[in-house]
Structure formats: C-alpha cells, structure tokens
Amino acid sequence: MKKTLLSLSNLSKQFDGKNVLDSLNLDIYDGEFITLLGPSGCGKTTLLRLMAGFEHPDAGTITLAGQDLTGTPPEHRPLNTVFQHYALFPHMSVFDNVAYGLKMEKRPKEEIRERVDEALAMVQLQDFKGRKPHQLSGGQQQRVAIARAVVKRPRLLLLDEPLSALDYKLRRTMQGELKRLQRELGITFVFVTHDQEEALSMSDRVVVLKDGEVQQLGTPREVYERPANLFTARFVGETNFFPGEVESIHDSAITVDVFGLKRTLRRPDFPVRPGQPLHVLLRPEDIRVLDPADAQGVAGKIIERNYKGSTLDSVIQLEDGSEVLASEFFDEDDPAFDYRLGEPVKVSWVDGWEWLLPEEADESVHEDALTDA
Amino acid sequence: MTRWLPRVYLVLVYLMLYVPIGVLVVFSFNDSRSGYTWGGLSLRWYQSLFHNNAMVEAMWNSLWLALSAATVSTIIGALTALALHRYRFRAKKVLNGMLFVVMMSPEIVLAISLLALFLLVGIQLGYLSLLLAHVTFCLPFVVITVMARLSGFDESLPEAARDLGASDFTMTRTVLIPVIMPALLAGWLLGFTLSLDDVVVSTFVSGPSYEILPLRIYSMVRVGLKPEVNALGTLLLVFSLVMLMLSQWILIRSKR
Amino acid sequence: MPSVTRQPFRTAVLVLVWGWLLFLVLAPNLLVVGASVMTRDPGTFIALPLNLDAYRQLFDPLYLEVFLHSLYMAAMTTLVCLLVGYPFAWALSKLGKQRQLLLIFLLIVPFWTNSLVRTYALKMLLATNGLINSALMSLGWIDEPIQMLYTEGAVIIGLVYLLLPFMILPLYSVFDDLRQELLMASHDLGAGRLATFIHVIVPLTLPGVLAGVMLVLLPAMGLFFVPDILGGSRNLLVGNVIKNQFLDARNWPFGAAASIVLTITMAILMLAHRLSKQRLGEGGAG
C-alpha cells in the first residue's frame, strides 16, 4: 500500500455563508502526481489554499506525515506553491527570487548559491540569473516560479493552474517538463486545473470536484472510462448518453432496450431491477457509424462533419431528434472515407465498450453546473 | 483586533481632516464676536459679508477670473491633449515634459517666473496677468483629464471618419469632441476650482487694480480671527463641494 | 473634402500649444535662471554683471539658518505625512472596492476646498484661547492654555493638514496595485510578517513613497501662507524668503537662486522616483 503524505479529513469551509467545501476527505500519497479537477467555483482553489495555509478551515484537520498542520501559518509549512500568475517578485532578479526562500531559512551564502544554481539548471534558466521577471517570457517566468518553489525541497508542491496563462503549444511543452521534474525530484505534486485533458495526461490520480464535494477519485483511466456519475461523465471528455431501460437481469449481464434495440450488456455495480431506466454512456470514439442497410444500429443522418486531421468527427441526428457525436479514425484501406451532409447512416457500438449509470434525481442541476463552467 | 484596528485608524485620520472644516462651518453661524465662544445661532456674518462692497467686488472678480481661466485652459488643454494623442511631431516628449514640470514644480517657482516675465515684458499686473498665470497652472490638469479619456477610446473611430470623407477639422468636431466632452467638463470644473482657490501664484501676479477673493481672505486671516472668514469659507466649501460632485458625476456617468 | 494643404488645423493647434508653453513656461523659467546669475538693480530689478553672488548669499549664516529650519520643518512634515499616510493607504486598500471609492472621494474633497480657509480653521483650533485649549481646560487636563499657535509645531501641523492627501493618494495607488499573490508567495516561501514587509511590501511600495515625498516635501517648503497664519515670524519657509526677496526686498537674483535650489531638489526627487519605478520594470524610458 502507498504511504499517505498529506491527509485532509472532514474539511469544511464557508464564504459568506456559502459552503465552498463540505466535509471533504482526501489522502494524498507520497510521491504521486494528483490533480484537482473541476469547473470554476468547485472549491479546488480553496482546497489548495487550505493546504498552503492561506485559508483556515472552519472545521476538519490537515495532517502532513502524521503532523497536524491545521493551525500552522504558511511560512512554517514544509510545502510550497506555484501560483497561477507566478507571483514573481518584480523588484528582484531571477536569482534573488529563487534564493528568497533559502534566505528566509537563513542558509549560508555558499549553500544558497549552489542550490539556486542547481534549481535554475533544472529548469534550464542558468543563463538568466541576473534578469528581472519582466524581461522574461511567460514560459520562462513559469520556470522561475517552479524553481523558486522546488529549491526549498518541499515535501509537497502545490500548483494552482500554473499553465493557464500560457499558449497552447507552450502549455504542452510545460506539461511534459512538469512530469519530468516530478519524476526527477520525487516530490508529491498537487495540481489544480479546470482542463480535463491536462488532468488526464499528467496525473497519477485525478480528484473530480463539484460544489466542494469529491465526485470521483481515481486514475485518469478510471475517471474517463468508468465515470462515477453523470457529472464526471459530462465534465471529463465528450460523452453520448443513450436512454436505456432494463429488460431482464442475468448473472453477470443485463438486457437493455436502447432505441428499440435489445442489447445484452455487462451487469453494472449498482443494483438494477427490470423496467428501470438508466443511461448508456458511449465516448465518441466508441461509436461505430454503419451503412444504413446494416441490420444492427439506430437509424439517423449526418448533420455535421469536421475533419480533425487524424480523426473524422461527425454529428448524427437520430430519428427522435437527439444527436450523437462520433469520432472515427481514418481507414487506411479506404482513402475516400467521408460522409455527405444528410447522408442516412446507422450508429452502433461494440458490446462491452459502453458504461452504464443509473438515473439521478437532480440531473438538470448538472447541466447548470456545466454551463457555468 | 486585526479587523477593527485599521478601521478605527481610518476614522481617526478622517476626523483629523474634517474636524477643522466642521468647526469652521459651525462657527460661521455663531452670533458671538469672539471666534471661540458660542453665542447662539445667527446669520450675521453672512450678512456683513454681503454688505462689504470690497468683499463683494473681490468675489465677482474671482468668479470672473475662474470662469475665464477655466474656459481658456480647457480649450488649450483639450487641443494639446488632442495634438499629443493624434499627431506625431518632433519634440513631443519635450512638450509632455514641460507640462509635467508645470504640474510638479512648486507653485512658488512658477509664480516668480511669471512675475519676472510680466514685469520685463511690460504686462500690467491685473486681470490679464492673473488670467495668463491661472491658465498656465490649470493646463496640465486639463491635459491629463482629457488624455485619460482619449486613451480609453477606439483608435479606429477617427480613421473611420477620415475614411468616410471628413477633413481633419470636421473629424475633430464631429467625432473627437463629443467623445471627450465629459473629460472637458470635468477638466473645466477642476480648472475653475484650482483658479478660485489659488493663493500662491496670485499673490505674485496680481495688482491693486484687480483684487481677488483668496488674496482678500489672506490679508484678513494673517492677523487674528475674523468671523466673516468662517462664513466666507463655508460658502466656498459648499461651492467647491458642488463643483467636485458635479465633476465626479459627469465622469462616472460617462463611463456607463 | 480632400485636404490639399497639409492639415492647417494641425498646424494651428501646434502653434498655439507650443506658443503658450514657450512663452509662459520655458521663457519665464529661463528668465529666472538668468536672473539668478545677475546683479540686483533697484530700477530694472536685474542688471548685467554676471556673477554668483546670489548663490553665495544663500550660504550667508542668516539665510542658511532659515533654509535649514525650513528644510527641517518640511522634512518633519513629510515624515509625519508618511507615518500617518502609509498605514492609512494600506488599510484603505484592504476595504471593499465600493467603500474605497467613497473614502478616496472624501480624501480629495479637501483638495478642492480653499487651503487658506482650511489653514484658518486650524488656527481657530490651535489658538491660545482656541477650541483645543478650552476643551482641555474644561476637562481639567491642563490648568493654563498651551502655546500652540506661532510655534514650529503649528506650522508642521498646518502643512501636514494641507498636504496629507498628496502623500496618501500615490501610496494608495501602489498599495492598490500590490498583488495579494506576492504576499502569499512570500509567506509560502517561509517569510513571516516582518520579513515580508521588509523584503516585499516596502520595495514594492517605494515608488509610491517617493512620489508622495515629492508631492509633500516641495510644497512644504513653498506654502508661505502657512507660517504667515500659524507660525509667526520665526518659523519661515523657503517660500517666505523667496516671496520677501521678490515682493518686498526687490532682490530678484537672490529670490531666483533660492527658487532654483527648490527646482533642483525637485529634479533630484523626480529622478529618484523614476529610478525606483524602473527597478520594478514599469517606468521604461518614457
């Protein structure tokens, strides 16, 4: 079993009488890259600030390796933060910025110089020591911010949407660099983002948050392929929701009626009874677009097609008016592979690629939460 | 404690700023001759103020001077701001720098330099010299106010107007002036108040032919206490407040 | 309407603006510089033999003492304004945005009201039989009135009272720009409140401090009516000396030299302000 480094138990926080965090529990393992993912206002930044010590919880405790940190001010916590807008001190050079934390520890001059040089080398900025932050590009400022935080050798590094101010390409580069740094340093990274792609590609584990509550905690694969609820399914990646109804139940399978098709699917973990409505979830890449003459599948017509380079994304309108998003890889044997708008097709999927979720009482609320984000 | 301590402090400083003004206003309605003891409510100092012919004349002089100085400085200031904003010309930085120096340099330096100029060039000390001086020290404030407004507006508007066939002058009249109107009004009000309140520069460049209010007050308060000054100060205070609120209202309204 | 001539409106505007500034700003200032190196003349105010007598006269023990005393009072005024204004601006910047706007408005109200009248109001409070003394005596805290008017303290109080908003406004502006994230970063890196104040808050608010000092220190040497009303004859400012030399003694070279000293002080302060901003990477060359 992995060793828990930081443990949050029953954390609650209110702002102006509104619950931002509600009795939240989370264990962060030593050495992992964990991402807090959620729409704006979900409480992820508050959670990070509680860990850093900039906010104090109304209830609950924070312990780091068995030591209670709840009342400890930020300057005495053995963890550091990379801020969203870097928060580099504008009046100090790159060197002085990175050295700041060590000076506060009253380290000897020689040691400070060595460790700052080492940290700057790690982010490939050894030649920029004398520059001021405003003389650096966004990506370079980002690296200084990281060097400044890791030079203190914290047990845990908190990163508050550190890549959000960078353009797409630079963001991809920095994602790779952060992963590399985390591996090399062996420090636990707690990463906050609202970008689900970033979360999936970088993390060992993802915490999906909504309204201050953990919706799901798992590996990126678990979160993507086996979402715990409708919110996670909608928030992480694109998903098609087909309405289904349980027809009959077997030992390890159930028969479900989807658009009049009887499909025998893997029996889900939640309890089912015949006649129960449920959601059949399918990722766009799991959808198969078939010839209209095909016996299997639901009839519809192509209403939109977008060429995406490696894939062809199409929107199919079914006869009941609902729309299905399909993402297909190009078939190398069929160079003419394409659709006309309005072309009749059928959609289907391979049994076992679907994911089943029960209906939820307040489904409309999820929609609102997403549009807000 | 950390929550209320800063607030208490803020309140204390505001008290420091406003108590003297409050005392002045209250004592302007004091019936007593002495400036320190309360003798009941009365408007006698306001009456004596308006029965004093020299005082009334100084008031009118000041008002007229402030009106004309504000107007002239608004016109020149607006044109300067437009020129700085629109045109490229040599020594633009020098122009900017000169305005900055006027604003930052101690009033007394401006005052003696203007006095020297007027005496050597032979300009009679009176209305004209006061007007020239007041316009000069109001100018940078108008320029800043108008520049702030200009910097916040769409660069392509003048170009669109020129593209549609307006001459430079027509474009300025039909596009730029309406855009900077609120700033012009605010700048005018600021100039008016600055002119009305100025003591330092006026002391140097005024002559006996044209007595203005601040100098009259100055000569009154140098020795002892004059209850009329309370009344006059209260009037000026109310007047300035109205002007200030007007200018803030104009600026805030224009931002909507 | 195609403009055949090369923008006559532009030319007219530039001529007017340049004309005004050259005639009423540049020429008079050059005149003062010229006057300061000329000789005093009772008839034409200044006469030819060029010399540095006026500057030498500045070091006459009699005037030097007045200047140093004025500098001392101006420095005290600036210090008091800074000590009062710094925490004030800090506290102000922490309030809600709406409340900040209202309080800033209340701060500039006095700026729009007649400074003479406000100085006079102060006199009513400070006078020997004025309101402060009467209040203290009726409370039984003192037996006889304290001499407050016509002292050095009264002049400093008067200058602080008039100039405090000029210190607070630039300070407020730097505190308003001070990003909370930077303070958090400092704490995060292990600095306590005092270390954060010394290493982060002070350097980042320094441009505001210097701007405030500039806006207070110079007027505090020039506002001659404050000592006239509150200070008596022993607490003169440089402004009083300049005024006396120009208007009463008719010694233009000396008055001009004194005002040039003021201008040089201003230039030094402005330079320091610009350098401090450049250090933060804001000022640039412009």
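User: How many residues of chain C are in contact with chain B?
Analyst: This is a predicted model, where local features need pLDDT of at least 70, side-chain atom pairs count only at pLDDT 80 or more, and totals for chains, interfaces and linings use all residues. Residues are numbered from 1 along each chain as written, chains are lettered from A and ligands numbered from 1 in written order, and side-chain values use heavy atoms, without hydrogens and water. Contact means heavy atoms within 4.5 Å. On the chain B side there are 92 residues, and on the chain C side 83.

User: Why are H3(C) and H12(C) called oblique?
Analyst: Axes are lines fitted to C-alpha atoms, for helices over the stretch in contact, with angles from 0 to 180 degrees between N-to-C directions. Under 35 degrees is roughly parallel, over 145 roughly antiparallel, 65 to 115 roughly perpendicular, and the rest oblique. The axes of H3 (residues 61-93) and H12 (residues 238-248) of chain C come within 8 Å and cross at roughly 140 degrees. The pair is therefore oblique.

User: Which residues of H12(C) make the contact with H3(C)?
Analyst: Helices are DSSP runs (H or I, at least four residues), numbered from the N terminus. H3(C) brings Tyr63(C), Val66(C), Phe67(C) and Ser70(C). H12(C) brings Val238(C), Val241(C) and Gln245(C).

Definitions and conventions. Helix = DSSP H or I, 4+ residues; strand = E, 2+ residues; numbered from the N terminus.
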